[in-house]
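Subject: Structure handover

Hello,

Here is the structure I said I would pass on. My notes follow below it.

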Amino acid sequence: MLGAENPKIIRLNTLATNQKVNASIEAVLEQKKKMYQPDFDQFVRFCEEEGRELNFDALEKYLHHSITEQRVKYSTFNRRAAGVQFFLKDVLGLKQTEDEKKRIQIIRQLYNTEEYLRLKPMRGVRAEKQDEVLALINKYDTSKRADIRKRAICFVNLITANRPSEMVRLKVSDFDLENKTVWVMLKKQGDMKEKRLTLDCVLAVKKYIETSGLAPDDYFVGAADKWGNYKNRMITERSYNRLIHDWLGFAPYTLRKTQITHMHRKKADLATIAKQSGHKSLQTITQHYLEVDNADVEEYL
């Protein structure tokens, strides 16, 4: 018909791109929902017990209850606040007013009062002396395939100061052993970071790759039976935590904190430490990793 407007034609590749983008957004949202679900479930139970609607006014009361009745740590308070706010905003589609934001900020300031100040310190894992940790790692310096794997994994974790989430995602192809570097996937920041390796660490990795016959696309940690026979699959962070604890007697974050503290004691500046540890915030390093050690205090008593 003359004069009629032709309907706009949408190309198939345009539709496919739109679907991919939507799928990616949904995947990120689902990941955050899974992470914050336990915190939201607690909030829901609180609202059910008090007959409240799921909204920001109820969140204010829930967070006040968390401090004054449950006496939760400051870090737990912040996680609860972030988790419930995500669900209210991004899942339920509610909007938070400036006044509601301000009131929650005021409630957070209860941690600065004398009654709740003891809940504020964030006590993390303790750093060990690097030479003592290396001695624990080197007890696996044997010809046994299982020990070779343990030593290489622990060595890499120590030198790179990797998080468990970064260790389980390492692949053999991420290593450039000739240049003594490794590319690490920083899941927390959504980035890739190049980190340095020591010569001893490189030799341990080479020995592990050769004895286990690892291919470039294999996971570096992977799985293994008690004899050290390797299986190419990514293990969970919880499984990795259990492995390191079984091998060394402490959690993987002790390796991370030990290396950061060791670099600081060798007079490395914060930017250099951040480059190796993968921290974006220098303030985080100062607050949570470089506090004065008790042994340092005792030296001057």
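**What was found**

This is a predicted model, so please read the notes with that in mind.

Thr 68 sits in helix 2, residues 56-68. Beyond its neighbours within four places in sequence, Thr 68 is in contact with Leu 110 and Tyr 116. A polar atom of the Thr 68 side chain also lies 2.8 Å from the backbone oxygen of His 64.

The salt bridge count comes to 12. Two of the pairs are these:

- Lys 33 with Glu 30, the closest N and O atoms being 3.3 Å apart. Both residues lie in helix 1, 3 residues apart, about one turn of the helix. Lys 33 is partly exposed at 23% relative accessibility, and Glu 30 is partly exposed at 41%.
- Asp 217 with Lys 171, with closest N and O atoms 3.3 Å apart. This pair links distant parts of the chain, 46 residues apart: Asp 217 is in the loop between helix 8 and strand 4, and Lys 171 is in the loop between helix 7 and strand 1. Asp 217 is exposed, at 52% relative accessible area, whereas Lys 171 is partly exposed at 21%.

Ile 10 is in the segment before helix 1 and counts as exposed because its relative accessibility is 54%, over the 50% cut-off.

A search of the whole structure finds 0 disulfides. Cys 154 is buried, with a relative accessible area of 0%, and Cys 201 is buried at 0%.

Regards

Key
Residues are numbered from 1 along each chain as its sequence is written. This is a predicted model: local features need pLDDT of at least 70, side-chain atom pairs count only at pLDDT 80 or more; totals for chains, interfaces and linings use all residues. Side-chain values use heavy atoms; hydrogens and water are left out. Helices (H or I, at least four residues) and strands (E, at least two) are DSSP runs, numbered from the N terminus. Buried means under 20% relative accessible area, exposed over 50%, partly exposed in between (1.4 Å probe, protein chains only). A polar contact is a pair of N or O atoms within 3.5 Å; within protein, one must be able to donate a hydrogen and the other to accept it, and residues adjacent in sequence count only if both atoms are side-chain atoms. Contact means heavy atoms within 4.5 Å. A disulfide is a pair of cysteine sulfur atoms within 2.5 Å. A salt bridge is a side-chain nitrogen of Lys or Arg within 4 Å of a carboxyl oxygen of Asp or Glu.
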